[in-house]
Amino acid sequence: MLKKYILIATGVIGLFVSCVFAQTTEINVALQTWGSRAIASSSYAEPGNDNYGPNNALDGRFAARETDKWNSAEGQQHPFWLIIDFGRERAIHKIVVRHDDGAVTSDFQLQWGDGKTEWKDIVPPIVSNKEAVSTHVFNPVKMRFLRLFIIKGEPNGNAYARIFEVEAYAQADTLGADGKNSGNLFTAFALERAINSGKWTEEQFKQAAALLKDDDLFVRALADFAVSEAVGQKNNGQTVTWTAEQLKNEPWFETWSTTSHEQKIIYDYIRHLFL
């Protein structure tokens, strides 16, 4: 009797539902997952609580005041500053600053540096800001360091600087081939984004499938989701039946279909770290 393989191609990671993300061509490279780190003029501290450090502004979270923001120390003389080191030169074209909506940053400057020369303004100084989320778009500037230089920390006072998140965006195709985003990891990320958008080729699918056996766990995770999404799109989320004969020409299938439920959960978690 002819052996058959039956699976449900849902367009999500195997056995559970995941969110569908829109296509993106720009990446927030200020996130710590891209290797960025921050230092600050000071950080607030209280007994048993050191949760207001500068890297809070790079963690992708901005919901809880007690855990998700950078807050300057009590009694610090202004100006305040937060410096982000991207770990390498980045071509940044957009910066988003998520202020504390209870006391938005009033007067500040966004500046770039290379560690060798003086800080240079990216955009004109911002004065009397009232936006809880301020977005700043400009022609791409290559920088290793980004400084948020705060002259006045709030509209009606200047006791503290309070920043939930600083996001710095670079075009995906400008991310260089070195460090954490190089080689197969960046390739897998780009393929996942392309396939998730619905605009992909068979060659891109083959590339993703080939990465299912990569040595890097992060690469495998992104490749697995790319393949799952492609299979779902190909079959409109319907049940698919493949014969053993057909699968001779699909060497990726065994690796993809035999991945355990536990491993799929790990893959899903990793994917969300990147997006």
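Which residue in β8 is the bridge partner of D107? In this predicted model, the bridge partner of D107 in β8 is K152.

**Strand pairing around β8**

- Strand β8 comprises residues 133-152 and pairs with β5 in the antiparallel sense, over 14 bridges.
- Within β8, L146 stands opposite I84.
- β8 also pairs with β6, again in the antiparallel sense, and this pairing runs over 7 bridges.

**Salt bridges**

- The model contains 7 salt bridges in total; several are described here.
- D100 and K69 form a salt bridge in which the closest N and O atoms are 3.0 Å apart. The pair links distant parts of the chain, 31 residues apart: D100 belongs to the loop between β5 (80-99) and β6 (107-113), whereas K69 belongs to the loop between β3 (37-40) and β4 (70-71). Both D100 and K69 are buried.
- A salt bridge also joins R162 to E154, with 3.3 Å between the closest N and O atoms. R162 counts as buried because its relative accessibility is 14%, and E154 likewise counts as buried because its relative accessibility is 15%; the cut-off for a buried residue is under 20%.
- D68 and R61 form a salt bridge as well, the closest N and O atoms being 3.6 Å apart. D68 has a relative accessible area of 5% and is therefore buried. R61, by contrast, has a relative accessible area of 45% and is therefore partly exposed, a class that lies between the limits of 20% and 50%.
- D68 and R61 belong, together with D59, to a network of salt bridges.

- N28 is found in strand β2, which spans residues 26-28.
- With a relative accessibility of 10%, N28 falls under the 20% limit and so counts as buried.
- The side chain of N28 reaches two backbone nitrogens: that of A30 at 3.1 Å, and that of A168, which lies 3.0 Å from a polar atom of the N28 side chain.
- When neighbours within four places in sequence are left aside, N28 is in contact with W34, E167, A168 and Y169.

**Surroundings of T259**

- T259 lies in the loop that joins α5 (252-257) and α6 (261-274).
- The side chain of T259 reaches the backbone oxygen of T255 at 3.0 Å.
- A polar atom of the T259 side chain also lies 3.4 Å from the backbone oxygen of W256.
- Apart from neighbours within four places in sequence, the residues in contact with T259 are D224, K264 and Y267.

Notes
Residues are numbered from 1 along each chain as its sequence is written. This is a predicted model: local features need pLDDT of at least 70, side-chain atom pairs count only at pLDDT 80 or more; totals for chains, interfaces and linings use all residues. Side-chain values use heavy atoms; hydrogens and water are left out. Helices (H or I, at least four residues) and strands (E, at least two) are DSSP runs, numbered from the N terminus. A polar contact is a pair of N or O atoms within 3.5 Å; within protein, one must be able to donate a hydrogen and the other to accept it, and residues adjacent in sequence count only if both atoms are side-chain atoms. Contact means heavy atoms within 4.5 Å. Buried means under 20% relative accessible area, exposed over 50%, partly exposed in between (1.4 Å probe, protein chains only). A salt bridge is a side-chain nitrogen of Lys or Arg within 4 Å of a carboxyl oxygen of Asp or Glu. Two strands pair if DSSP finds at least two bridges between them.
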